[in-house]
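Here is a short report on one protein model. Keep the sequence and the 3D view open as you read.

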Amino acid sequence: MPANHAPKEPTSHSLSLSEELLAETYDVLRRIASRQLGRQRPSATLNTTMIVHEAWLKLSTDSGRRFADRNHYLATASRAMRQVLVDHARRKLAEKRGAGAEHVNIDDYQIPGSTAETQILDVDAALAALARKAPDLERIVECRFFAGFTVEETAHALGRSVRTVERDWARARTYLAEFLDSQT
């Protein structure tokens, strides 16, 4: 790997995941989770608190994980929230497909249109394809779409200029739209 692309080593000023960090950012994380839930139909099994806590648990399982600063933590937490939402959508779809229930003839029933769960999984598949092509664009989509960050918040969290984020956000949206259109 070229020296200019080497991952940052944690500095003495980097933050470890702790309950103190969670307490400092809890309200911000709840706003991020709330934005995500606002895009979906209400769910009895998914709420703001659950998303925040599940994301924190995902991050806390790696005791060696360090964050350069608060914004790095928030950007990483937005990725964890994406994973929580995708996992939830997969479980919901598995339940709808039967998950041990008695099978019936599909011709006897109407098939509903796209659900929030399938939309999340479609976006996740598009992001996985985008990550293979341009990982830097994936991080911008996670911050903008999954965390609901503004362009300025995204630029700050990822250490990029506002103009770069605006340009890359437009590129990412175009790629995602083309990918999703090709899947239908």
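Helices (H or I, at least four residues) and strands (E, at least two) are DSSP runs, numbered from the N terminus. By that rule, V151 has its place in helix α6.

The model is predicted: local features need pLDDT of at least 70, side-chain atom pairs count only at pLDDT 80 or more, and totals for chains, interfaces and linings use all residues. Residues are numbered from 1 along each chain as its sequence is written, and side-chain values use heavy atoms, with hydrogens and water left out.

## Overall build

The protein has seven helices and two strands. Starting at the N terminus, the elements follow the order β-α-α-β-α-α-α-α-α.

How much of the protein is buried? Of its 184 residues, 39% count as buried. Buried means under 20% relative accessible area, exposed means over 50%, and partly exposed lies in between (1.4 Å probe, protein chains only).

The protein exposes about 11,300 Å². Carbon and sulfur atoms supply 51% of that area. Accessible areas come from the Shrake-Rupley method with a 1.4 Å probe; for residues, only the protein chains shown count as cover.

Contact means heavy atoms within 4.5 Å. Take the contacts between residues at least 6 apart in sequence: 69% of them join residues at least 24 apart.

## The nonpolar core

In soluble globular proteins, nonpolar side chains tend to be buried together. A nonpolar core is a set of buried Ala, Val, Leu, Ile, Met, Phe, Trp, Tyr and Cys residues joined through side-chain atoms within 4.5 Å.

Which residues of the largest nonpolar core touch the most other members? Of its 49 residues, they are L29, I51, Y73, M81 and L130. The elements that give two or more residues to this core are α1 (19–38), α2 (48–60), α3, α4 (116–133), α5 (135–146), α6 (151–158) and α7 (162–182). Helix α3 gives the most, with eleven residues.

## Two helix pairs

Two packed helices are described by the angle between their axes and the distance between the axes. Axes are lines fitted to C-alpha atoms, for helices over the stretch in contact, and angles run from 0 to 180 degrees between N-to-C directions.

The axes of α4 and α5 come within 6 Å and cross at roughly 150°. The two helices are therefore roughly antiparallel. Angles under 35 degrees count as roughly parallel, over 145 as roughly antiparallel, 65 to 115 as roughly perpendicular and the rest as oblique. On the α4 side, V123, L127, L130, A131 and K133 make the contact.

Now turn to α4 and α7. Their axes come within 10 Å and cross at roughly 120°, so the pair is oblique. The contact residues of α4 include D122, V123, A125 and L130. Those of α7 are A172, Y175, L176, F179 and L180.

Not counting residues up to four places away in sequence, L130 touches P135, L137, E138, V141, A172, Y175 and L176.

## Residues to find

Which of these residues are buried, and which is exposed? The table shows the relative accessible area of each.

| Residue | Relative accessible area | State |
|---|---|---|
| I32 | 1% | buried |
| T76 | 10% | buried |
| V151 | 14% | buried |
| N71 | 16% | buried |
| K133 | 61% | exposed |

The contacts below leave out residues up to four places away in sequence.

I32 lies in helix α1. I32 touches M81, F146, A147 and F149. The C-alpha atoms of I32 and M81 are 8.7 Å apart, although 49 residues separate them along the chain.

N71 lies in helix α3, which covers residues 70–96. N71 touches H156 and A157. T76 is also found in helix α3. T76 touches L59, R65, F67 and R139.

K133 lies in helix α4. K133 and Y175 are 42 residues apart along the chain, and their C-alpha atoms are separated by 10.0 Å.

Finally, return to V151. V151 is in contact with R144, V162, V165 and E166. V151 and I140 are eleven residues apart in sequence and 8.9 Å apart in space, C-alpha to C-alpha.
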